[in-house]
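Please have the sequence and the coordinates at hand while reading.

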Amino acid sequence: MALTGIEIFKMLPKTNCKECGLPTCLAFAMALASGKAELDACPYVSDEVKEKLAAASAPPIRPIKLVMKEGTKAVGGETVMFRHEKTFFNPTVIAGLVTTATADAEVDKKLDQFMKLQYDRVGLLLRPEMIVVKDADGDAGKFAALAKKVVDKTDAAMLLISDKADVVKAGAEAAKDRKPVIGVATAANADAMGALAKELGLPLYAKADGYDALAELTTKLTGMGLKDLLIDSGSRQLKQAFQDQVVIRRAALVPKFRPFGFATVTFPCEMTDDPMMEKLYAAVFIAKYGGIVVLNDLSADGIFPLLLERLNIYTDPQKPMIISPGIYEIGTPGPDSPVAVTTNFALTYFIVSGEIEASKVPAWLLIQDTEGLSVMTAWAAGKFSGDSVAMFVKKCGITDKTKTRTLIIPGYAAGISGDLEEELPDWKILIGPREASHIPAMLKTL
Ligand code: SF4
């Protein structure tokens, strides 16, 4: 049962040294009890107390690190049902499936395609992160060779699946640098798989059909000393699988039902042969509450929308996506290049800068601080007014970089042009298009 703030406070050093970033130990205890602070923030907690508090303050869904060639990716660690309550922390991992029954040429094609699925968007790299290697015929040599191929050809985190412990062991040895998740542990092989995961120190994927069987299995595995589990409730029907995700998340969070306190793995690839339906199912599990979604088809036109959906769901709703205000050079602008101004909402910046880049007309792009609001919202809130834009243009230093005195403003902020002309008498104010896609045509006419 969770400890109260006062109970936690009794175990803290009570020196009020403030190193945890809070003014007193009591404040830290309260923050810890409500899940707003991490125990690691206090360097003076003894190991014994750490152990007691760690159990009480452990996140309701245990986070697990998946190891990629460079860096790690976490799943689990969520603390709320709905993102507006706080935020979701660890985006659903998107995984591709290869099996030992897949022809070599098809595997090569899939792995190459996996590595090509990388997109820069709003300053972030969007991509799938995992390859699931599945055993189809119990051949340990074949399984290990396939795991090795995935290691050599990709930078992916890995999940190795076979119901035979010796086959999994061969694959895990071939992929040992990637510290793969191994499985599948079921009621029938839990002892062998649990022992293997312990021996290799790897996370374990566990599957059982139905809630009772799943709770029984995870209880058994945690009883063996295993902490890092990924779970699968076994259903491959959309309605039931969706319900399972919701039930597992709710049970883990609300009564803190520890047997379900793990990230889930979902298998749209086993629910349909239709690539489009597979993506629709994946979209459901990204929204509610898949830790990993495993896909058979890795075509770009199906994966890209899933990456965008994931980006939207896993951004913090309390923090607007912003970029730093300032002067941005698009291309290699010179003293005669055009000057445009817009807001610091990240999406606005990336769309506008992308269109300017596409025009091949080098330009200066001024990004004004509007606290992450888009043009119309910032204008309506008085954060992108004639006064504030004029002040920004005068102070940002653009006049030292350029002889141009023509300022392009967003079409949706046409209403500020009069004020700007008054405030910036040396400048000619040009009203840009309302749609960013029309920017290249405009720039080419200047
Ligand atoms: Fe108290 Fe530890 Fe925070 Fe110092 S760092 S104020 S000892 S909780």
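**Briefing**

Thr-102 is found in the loop between strand E3 and helix H4 (104–116), where helices (H or I, at least four residues) and strands (E, at least two) are DSSP runs numbered from the N terminus. This is a predicted model, in which local features need pLDDT of at least 70 and side-chain atom pairs count only at pLDDT 80 or more, while totals for chains, interfaces and linings use all residues. Residues are numbered from 1 along each chain as its sequence is written, and side-chain values use heavy atoms, with hydrogens and water left out.

**Overall picture**

- The secondary structure of the protein amounts to 17 helices and 17 strands.
- Along the principal axes, the C-alpha atoms of the protein fill a box of roughly 80 × 65 × 40 Å.
- Of the 446 residues in the protein, 47% are buried; buried means under 20% relative accessible area, exposed means over 50%, and partly exposed lies in between (1.4 Å probe, protein chains only).
- Among contacts in the protein with a separation of 6 or more, 66% are accounted for by residues 24 or more positions apart; a contact means heavy atoms within 4.5 Å.

- Thr-99 belongs to strand E3 (residues 93–99).
- Because its relative accessibility is 16%, Thr-99 counts as buried.
- Leaving aside residues up to four places away in sequence, Thr-99 touches Lys-134 and Leu-146.
- A polar atom of the Thr-99 side chain lies 3.0 Å from the backbone nitrogen of Ala-101.
- Thr-102 has 21% relative accessibility and therefore counts as partly exposed.
- Between Thr-102 and Leu-146, which are 44 residues apart along the chain, the C-alpha separation is 9.9 Å.

**The ligand site**

- The ligand is surrounded by Pro-13, Thr-15, Asn-16, Cys-17, Lys-18, Glu-19, Cys-20, Cys-25, Phe-28, Cys-42 and Pro-43; a residue is near a molecule if one of its heavy atoms lies within 4 Å of it.
- The shell around the ligand comprises 7 nonpolar, 2 polar and 2 charged residues; Ala, Val, Leu, Ile, Met, Phe, Trp, Tyr, Cys and Pro count as nonpolar, Asp, Glu, Lys and Arg as charged, and the others, Gly among them, as polar.

**Helix H6 and strand E8**

- The buried residues of helix H6 (165–174) are Val-167, Val-168, Ala-170, Gly-171 and Ala-172.
- The cover over these buried residues of H6 includes helix H5 (140–153), strand E7 (157–161), strand E8 and helix H7 (190–200).
- Lys-179 is placed in the loop between H6 and E8, and its phi is near 40°, a positive value in a residue other than glycine.
- Val-184 lies within strand E8 (residues 181–185).
- The peptide bond leading from Gly-183 to Val-184 is cis, with omega near 20°.
- Most residues other than glycine have a negative phi, and most peptide bonds are trans.

**Glu-371**

- Glu-371 is located in the loop between strand E15 (363–368) and helix H13 (375–380).
- The phi of Glu-371 is near 60°, again a positive value in a residue other than glycine.

**Asp-232**

- Asp-232 is part of strand E10 (residues 229–232).
- With 3% relative accessibility, Asp-232 counts as buried.
- Apart from residues up to four places away in sequence, Asp-232 touches Tyr-205, Ala-206, Lys-207, Ala-208, Leu-214, Val-265 and Phe-267.
- At 2.8 Å, the side chain of Asp-232 reaches the backbone nitrogen of Gly-234.
- Asp-232 and Thr-272 are 40 residues apart along the chain, and their C-alpha atoms are separated by 17 Å.

- Asp-120 is situated in strand E4 (residues 119–121).
- Asp-120 counts as exposed because its relative accessibility is 70%.
- From C-alpha to C-alpha, Asp-120 and Pro-333 are 23 Å apart in space, and they are 213 residues apart in sequence.
- Gly-123 occupies the loop between E4 and strand E5 (124–126).
- Gly-123 has a relative accessible area of 60% and is therefore exposed.
- The C-alpha atoms of Gly-123 and Ala-346 are separated by 8.2 Å, although these residues are 223 residues apart along the chain.

How values were computed
A polar contact is a pair of N or O atoms within 3.5 Å; within protein, one must be able to donate a hydrogen and the other to accept it, and residues adjacent in sequence count only if both atoms are side-chain atoms.
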